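Work through the exercises below with the sequence and the model at hand. Try each task before reading its solution.

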Amino acid sequence: MNFKYNFLLCLFLIGLTTSSLFAQNKKRGWEFFKENLEIPINGRMDYRFLNYNENFDGFAKDSRFQFSTFLVKVNGKLTDRMSFNYRQVFNNNTIGTANISDNIQVASLSLNSKNQKWTFTGGKFFLNLGSVEQEYDPSDVYRYSVINNNLACWKTGIGFLYSSESGQDIGMQMVNGALDSIGNQVALQYNLYWNGTLLKDKIDIYANVTTLTHYKEYDSQAFSSAIGLQWFFTDLVLDTDVIVARNMPNLYKNAGYLSAPIKIQYMGNKFRPYIKLIYDAVKFDNENDRPTVVDPEDGSLVTINNTEMLTGEIALEYYPWDHHNIRFHLVASYANSANYNFTDELNPEYDPNSRHHYVSQYQILLGCRFGFNMLDPLNK
């Protein structure tokens, strides 16, 4: 039985369970729905200056006011055991592998067991790819490491999650993996992840391993894996990640990738400055696998050898009001190499459901981040 029929069977079972759950919650109906509905809107607007041809318009230098992120969510509960999540951005108009627009990042239905320890999810959702960097809201990340920027992280499929009383989340996800050049599904992706606590209030962990079945005839199996530790001190938070990948969509074939971001932030009441360093590396198996790209500075052809990139970022974040989700920020970053050496965006199988941030050799951002629940004024 293939994935399509498995998925339809799961949806049928959800339908049967839903009718039973609604019968149990009939008396609460509309009031229950309103009490558990929220519509968060958040985004980030920046005055951005960047260089080195890594933006959407192809210019070597660029400065503009722009919404770096803007998204709308709709989250709620239908019953005590059934919830739904929806999330949409507005910068991607392509149609994805599940016949749904790629600007819809989340459209899922979740069912909890009676003891609330098991959760089944179907639809399009976040693929838990491990690392602390992936756990932040996109509005809170100004520059991703190469692997986290390119791995597709919003996928359609099914997922199972076990949540322990001690706060450990252990899950498995089976999702659409990759398409060929004419749009046929050629691979399924399987992901195992662990989000939890190593030491209460001191160390959190985000880890995963993911692979694609029957994906291309490369020299070795496609996979990526990550482990991230978040360390909590009195006034400091330290993020440490190690991510490796090979033969995954959006990356060059037969090459090993490594990303290791580290970030330390002072968690003040108003001011929260941080420093972030990212080490990225790619190593090709042999000369035949090394691609040739166009250098954005002079238009010459360059054969990519084994490449390393070190990125430094410094940010000053200011929260003027305690009870409002508004932040002002000034951010500067610089990379000592060209990040076009690390991606394969010209590949016809390129998956647009990645972070796909437009980054450059150096960039400066001055802006504001905002967030609010549209229903708050109506509930007051």
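**Exercise 1: a charge over a ring**

R272 lies over the face of Y319, 4.4 Å from the ring centre. The model is predicted: local features need pLDDT of at least 70, side-chain atom pairs count only at pLDDT 80 or more, and totals for chains, interfaces and linings use all residues. Residues are numbered from 1 along each chain as its sequence is written, and side-chain values use heavy atoms, with hydrogens and water left out.

Task: Find the ring under the charged end of K263.

Solution. Start with the rule: NZ of Lys or CZ of Arg must be within 6 Å of the ring centre and within 35 degrees of the ring normal. Then look at K263, whose charged end sits over the ring of Y274, 4.4 Å from its centre.

**Exercise 2: pairing of strand 3**

Task: State how strand 3 pairs with strand 2 and with strand 4.

Solution. Strands are DSSP runs (E, at least two residues), numbered from the N terminus, and two of them pair if DSSP finds at least two bridges between them.
1. Strand 2 (residues 61-77) and strand 3 (residues 82-89) are antiparallel, with seven bridges. K73 has R87 in strand 3 as its bridge partner.
2. A hairpin of four residues joins strand 2 to strand 3.
3. Strand 3 also runs antiparallel to strand 4 (residues 104-112), again over seven bridges. Here F84 stands opposite L109 in strand 4.
4. Six of the eight residues of strand 3 are buried, that is, under 20% relative accessible area with a 1.4 Å probe, protein chains only.

**Exercise 3: aromatic pairs**

Task: Classify the pair formed by F67 and F370.

Solution. Rings of Phe, Tyr and Trp (its six-membered ring) pair if their centres lie within 6.5 Å; planes under 30 degrees apart count as stacked, over 60 as edge-to-face and the rest as tilted.
1. By this rule there are twelve aromatic pairs.
2. The centres of F67 and F370 are 6.5 Å apart and the planes are at 90 degrees, an edge-to-face pair.
3. F67 lies in strand 2 and F370 in strand 18 (residues 362-373), so the pair ties together parts 303 residues apart in sequence.
4. F370 counts as buried, at 19% relative accessibility.
5. F67, F70, F90 and F370 form one aromatic cluster.

Task: Decide whether the pair of Y252 and F284 is stacked or tilted.

Solution. The centres are 5.9 Å apart and the planes at 55 degrees, so the pair is tilted. Y252 is buried at 10% relative accessible area, and F284 is buried at 3%.

Terms used: Buried means under 20% relative accessible area, exposed over 50%, partly exposed in between (1.4 Å probe, protein chains only).
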